Amino acid sequence: MKSARVAYEGDIFHAALMEDRLKLSNGKTVTEEEVVWLPPIQTKTCFALGLNYMDHASELEFQAPEEPLVFLKGPNTFIGHRGRTKRPQDVTHMHYECELAVVIGKQTKNVRQSEAYDYVAGYTIANDYAFRDYLENYYRPNLRVKNRDHSTPLGPWFVDASDITDPMNLKLRTFVNGEKVQEGSTKDMIFGIPHLIEYLSGFMTLNPGDLILTGTPKGTVDTKVGDEVITEIEGLGQLKNTIE
Amino acid sequence: MSINVRARMNSRHYDELLQASSMNGVLQVDDASIKSWAPPVNGTVYGTLLNDRKAVEAMGQQLNAAPYKQPPKAPVLYIKPINTLAGHQSDVELPLETDELHVGASIGIVIGKQASKISEKEAYDFIEGYTLVNDISIPHDNVFRPAIKEKARDGFCPIGPWVVSYADVTQPEDLEINVYVNGDHKQQFLTEDLVRPIPKLLQDVTEFMTLFKGDVLMIGCGHDLPKVTAGDTVRIESAELGVLENKVRRVQS
């Protein structure tokens, strides 16, 4: 089951996909363009992974980490499907990052890898933009690079865990103005979903609604004002964003 | 003279105003009927690294060496996620893999209204008030990578006991906090030593990210952070803001 959060005629609704239209929780059916898409999850704690695909780590001339490289993001950074993300004027390198986002469903601490999927509610797509000009070597990557307003599109759908047979074998692709620029598979993660859940819950409590953005594969290139960026994950849909 | 402070107590899910006044040089309330304190904030809690001049000086030439290569230009921030938040008089659990913790005594700026790209001049208009924060960490010298495992443990961010309104803090640029461990004075931290004073910090942070009503931005911790171990009582004291006290205990396996 796929569900979205959308704004329509002055209220916020859950929406389900019905053929090529959206069925709102008040019974109305509308088109994708008639609504404002909101992030499908309102997260309290969002973890993100750096350098979690071998080919991306090499692309950035980093050794693969021996322990997950985790950073946190605040609520200001999320924006829904079909939203706009600002490219600051002084930036020379701003790139998308297509990432599988894992939504935690139950509170947990000290969970083992073998039971980790019991705590996953579902999945969505994140585009975790990076603004490389702002990288500095303190708590890197820091919030000025990774937590700017509206710079993490999320959605369009929250997809139930039961709909995804093997989350560790999904194709990821990114298109800029229709041209394919990034392609990879979640099977190439250095630290897979069960490992990440065991790692994080090993030192802190995970709560329902927590998000884990699992990193991006190779193929990150600079994007310009006006570019339309579509991040796509097999079984989860296509998340569209425009740079302004 | 007494003032009203905003607090959340006794397992209630709403906030209450308490009368507070200065006794023995520190802001206090009559707490006879108070059984427990919750963090008096709802939003995201952000910390600021290296915002104390002496802490920056203590890093010395390290700032220009690998892996840092140069001193920081923009504010260096981190998040204390929701599982870390705890109230006044809560116990801080000492994880099994360490024998000591760093006490990061700080002042939390509590945001009063949504702040985005604000200027230094208007910064105080966006502040509801101030609270005390104990930003606990597992000691780590290297600050190249985000210190999630060291800083994001359950209960590692006692905050409170209450929020003092901005109007009752007449000289925020001249506050002093003192840290005591088991009654011994261990550290002093002065807001006059900040690399970025409060208005400048708010300007530089909201340049790239919005702070919402209820969010907390810590002004930074001092230098030479006190270390504590199981059984220790940490007391963070400020004449204008009150006392935040917590005890460290060993986590049971």
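This is a predicted model: local features need pLDDT of at least 70, side-chain atom pairs count only at pLDDT 80 or more; totals for chains, interfaces and linings use all residues.
Residues are numbered from 1 along each chain as its sequence is written, while chains are lettered from A and ligands numbered from 1 in the order in which they are written.

Let's start with chain A. It has three helices and 19 strands, taken as DSSP runs numbered from the N terminus (helices: H or I, at least four residues; strands: E, at least two).

| Chain A property | Value |
|---|---|
| C-alpha box along the principal axes | roughly 50 × 45 × 30 Å |
| Buried share of the 244 residues | 48% |
| Contacts joining residues at least 24 apart, among those at least 6 apart in sequence | 72% |

Buried here means 20 or more other C-beta atoms within 10 Å of the residue's own, with C-beta atoms placed from the backbone. Two residues are in contact if their C-beta atoms, placed from the backbone, lie within 7 Å.

Now the interface: 28 residues of chain B touch 25 residues of chain A. On the chain B side, strand E6 (76-80) and helix H2 (148-151) each give two or more residues, and E6(B) supplies the largest share, four residues.

As for the domain, UniProt's unreviewed entry puts "domain: Fumarylacetoacetase-like C-terminal" at residues 44-249 of chain B; positions follow the numbering used here, feature names are shortened, and annotations may be inferred rather than shown by experiment. That stretch of chain B is 10% helix and 36% strand, with its end C-alpha atoms 26 Å apart.

Notes:
A residue is buried if 20 or more other C-beta atoms lie within 10 Å of its own, exposed if 12 or fewer, and partly exposed in between; C-beta atoms are placed from the backbone.
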